[in-house]
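Biologist: Could you take me closely through one part of this model, namely the sheet and what packs on it? I would like the terms spelled out as you go.

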Amino acid sequence: MNTIGLNTEYLRHFVNDGELAGIHEEVLRAKRTLLTGSGRGNDFLGWVDLPETLSPEIVQSIKADVERLRTQARLFVVIGIGGSYLGARAVIEALQSEFAAMQSEGGYPYIIYAGHTLSEDYYCQLMQMLDKYEYAVAVISKSGTTTEPAVAFRIIKSHLENKYGKTEAAQRIIAITDARRGALHDIAQQEGYRTYVIPDNVGGRFSVLTPVGLLPIAMAGYDIDQLLQGARDMRKLCIDSDSLNENPAMLYAAIRNLLYRKGCKVEILENFVPQLKYISEWWKQLYGESEGKEGKGILPHSLSFTTDLHSMGQYVQEGERLMFETVLSVAQPNGHVNIPSDDKNLDGINYLLGKSLTEINHNAELGTILAHNDGGVPVLQIVLPTVNEYILGALIYFFEFACGISGYTLGVNPFDQPGVEAYKKNMFRLLGKPGYTN
Ligand code: PA5
């Protein structure tokens, strides 16, 4: 198996073949709505063809920027929030060593983040690092007006100019924003920054395969060609097949909607390898913002096992029955560690000798799934052969395509997010922003 697959074995007491056959036509209609651009939000469908239409010149240009900046920067600050932040972080954290901060990986900068918080302590600590290390910056905002990244950029731009002088600072900044509008676009023009465009028809949470995600991922030293190839191959599968057995995105959309109609209002995305934690964060935004509207939508939640089995495991096993679980199951690790033998066996774990850690982890996973099944929780497994750029590209496209179909099957516009404006209006009024004072 060289791509992701779904295992529905642990759903069989909760969803039967007849029910799947029953929803097939609805899901197919949703897929056609998506592909013909005949549904709500159809001006934001640029992501569907992105793996095919992204120009090779953009990829080349990103690589050239990486080569130019990697020798000058020990740190690379990615400023952005929501869709202008989570996709890049999800891929980078899935691929990098858990201890990457302590070592320089192959001569590429270590990626740090800003613009995703307003915590003063966070920026104090960030400034201390920026005093100490050479760095460069990508500032990412589609609207170019979002408060959190604007505040972060104001602070970091000033630091960068003090550290390197205005001319060199400008060469260390890349702006990724709208082609024509927004404050960031205007600043970039005026200051002469390198810029990349976020296409008009690609919304924030669907933008990881544009320069929004590709530039930081390449800057961290990862292979964006393979990422795009994985997405391209998954796109073909998602578009070509109308069968639930063959098309994983259609099957996932069908299962989620069936379970939701049966009262499973919460979906918990789980991993047994902590490097996928930010994939869950990205996924939560993708599904939460796309489906949580008009009083509807599955609440996306996430857990990292086995860590959280020792906390939230109790609730999943015996708490209110309102959830189903989707397990990101990784078949093969990228490295190996043996369990040493110990003649005294005082810790009592000699029975594990000869088993790999992955074998032990897989048994923890299966044991958990069976226990939760017994506790009345439906479990879907998404099986990843391993974690690499190609598989992550396939996973990203799979989740995006399934999200579009799932949202249309639910009956909402998956491509808007009117609800995220409410807090901003209050914040602007409280802070006295002109035009918001009453
Ligand atoms: O998915 C979305 O549209 C949002 O999460 C945005 O990405 C987020 O609000 C940041 O917006 P912007 O890129 O305009 O700064």
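**The sheet and its helices**

Modeller: Five strands form an open sheet in the order β3-β2-β4-β5-β6, with parallel pairing; strands (E, at least two residues) and helices (H or I, at least four) are DSSP runs numbered from the N terminus, and two strands pair if DSSP finds at least two bridges between them. Because β3 (110-114) and β6 (194-197) stand at the edges with a single partner strand each, one side of each has no neighbour in the sheet. From one strand to the next the twist averages 20 degrees. This is a predicted model, in which local features need pLDDT of at least 70 and side-chain atom pairs count only at pLDDT 80 or more, while totals for chains, interfaces and linings use all residues. Residues are numbered from 1 along each chain as its sequence is written, and side-chain values use heavy atoms, leaving out hydrogens and water.

Within the sheet, β4 (residues 135-141) and β5 (residues 173-177) pair in the parallel sense over 5 bridges, and Ala138 stands opposite Ile174 in β5. Helix α3 packs on the sheet, touching β2 (75-79), β4, β5 and β6, and its direction makes about 150 degrees with that of β6; contact means heavy atoms within 4.5 Å, and angles run from 0 to 180 degrees between N-to-C directions, with axes fitted to C-alpha atoms, for helices over the stretch in contact. Helix α5 (residues 120-132) also packs on the sheet, where α5 touches β2, β3 and β4, and its direction makes about 145 degrees with that of β3.
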